[in-house]
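Please look through the structure below with these numbered notes beside you.

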Amino acid sequence: MCYIFHEVFGYTLGSVGPLDGLAQSDILTAIANATGPRPSLFVPEIAFELLVRRQIKRLEDPSLRCVELVYEELHRIVQYCTRSIQDLHRFPRLQEGIVNVLMGLLRDRVTPTNQMVEDLIAIELAYTNTNHPEFVGGATIVSDWVLKEENSRLKKRAKQSLPPAVVQGGTDKKTSKAGNESSSFWSFGRGKEQPPPAATAESSA
């Protein structure tokens, strides 16, 4: 059952894209139907709610399928447990009665479980929680954009306020320092060189 919840059901929910099945024409139609004949300056919230409810409804079928898979897995567990107990083989009627009781209990719980899943989806459809911390609304997008623009404006203002002579003076200072180091290096090397000895008459003879 852990594999069913985390792998099968989790993968199915992860594969459901938020914009799957929504064409641009569907979005424009929802906005037009929400505003009516009068054009609106901002996108109405009712259009967003209609499109979100349509996408939330798609989560109902995978959830009901998960309930069915869990029921089948519990059915196999009951069959395995009753067969693995050797003492029950001595009492076949008792074994059959235990299996029938357990399977009847599981069957009776399937319908309420499906109803609970449908109720949870209906709750999500009834109210869209736009105050959730992970919900990115229009106000958040606008505030992030304003903050980004303000930071870029401050950076440009800081670059413009910096005089160019400071940058050039730092470059010239570094260049002159490197030139002094190179000249001292070569002068140090020339200081160690000795002049060649003068030729004498005896050596020439």
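1. Arg-76 is partly exposed, because its relative accessibility is 48%. A salt bridge here means a side-chain nitrogen of Lys or Arg within 4 Å of a carboxyl oxygen of Asp or Glu. Side chains of opposite charge can pair when their charged atoms come close.

2. A word on the source. This is a predicted model, in which local features need pLDDT of at least 70 and side-chain atom pairs count only at pLDDT 80 or more, while totals for chains, interfaces and linings use all residues. Residues are numbered from 1 along each chain as its sequence is written, and side-chain values use heavy atoms, leaving out hydrogens and water.

3. Where do Arg-76 and Glu-73 sit? Both are in helix H4 (residues 60–84), three residues apart, so about one helical turn separates them. Helices (H or I, at least four residues) and strands (E, at least two) are DSSP runs, numbered from the N terminus.

4. Now look at helix H6 (residues 138–161). Arg-153 and Glu-150 both lie there, three residues apart, about one turn of the helix. They form a salt bridge, with the closest N and O atoms 2.6 Å apart. Arg-153 has 39% relative accessibility and counts as partly exposed. Glu-150, at 34%, counts as partly exposed too.

5. Arg-54 forms a salt bridge with Asp-26, and their closest N and O atoms are 3.7 Å apart. Arg-54 lies in helix H3 (residues 45–56) and Asp-26 in helix H2 (residues 24–35), so the pair ties together parts 28 residues apart in sequence. Arg-54 is partly exposed at 40% relative accessibility. Asp-26 is partly exposed at 27%. How many salt bridges does the rule give? The count is six.

6. Step back to the whole chain. The protein chain has eight helices and zero strands. Its pattern along the sequence is α-α-α-α-α-α-α-α. Of its 205 residues, 15% count as buried. Take the contacts (heavy atoms within 4.5 Å) with a separation of 6 or more: residues 24 or more positions apart account for 76% of them.

7. Which residues make up the largest nonpolar core? There are five: Ile-4, Phe-9, Cys-66, Leu-69 and Val-70. Helices H1 and H4 each supply at least two residues of this core, and H4 gives the most, with three. A nonpolar core is a set of buried Ala, Val, Leu, Ile, Met, Phe, Trp, Tyr and Cys residues joined through side-chain atoms within 4.5 Å.

8. Leaving aside neighbours within four places in sequence, Ile-4 contacts Phe-9, Cys-66, Leu-69, Val-70 and Glu-73. Val-70 is in helix H4. Its relative accessibility is 14%, so Val-70 counts as buried. With the neighbours within four places set aside, Val-70 is in contact with Met-1, Ile-4 and Phe-5. Val-70 and Cys-2 are 68 residues apart in sequence, but 9.6 Å apart in space, C-alpha to C-alpha.

9. Next, the largest pocket. It holds about 690 Å³ of space. Its lining has 30 residues, and Phe-9, Leu-13, Leu-59, Ser-63 and Ile-121 lie nearest its centre. Helix H1 (2–15), H3, H4 and helix H5 (92–126) each give two or more residues to this lining. H5 gives the most, with eight.

10. Some rules for that pocket. On a 1 Å grid over the protein atoms alone, a pocket is an open set of points where a 1.4 Å probe fits, with protein on both sides within 12 Å along at least five of seven lines; lining residues have an atom within 4 Å of a point. Grid points are joined across faces, edges and corners, and the volume is the space filled by probe spheres set on the points.

11. What kinds of residue form the lining of the largest pocket? They divide into 24 nonpolar, four polar and two charged. Ala, Val, Leu, Ile, Met, Phe, Trp, Tyr, Cys and Pro count as nonpolar, Asp, Glu, Lys and Arg as charged, and the others, Gly among them, as polar.

How values were computed: Buried < 20%, exposed > 50% of the residue type's maximum accessible area, 1.4 Å probe, protein only.
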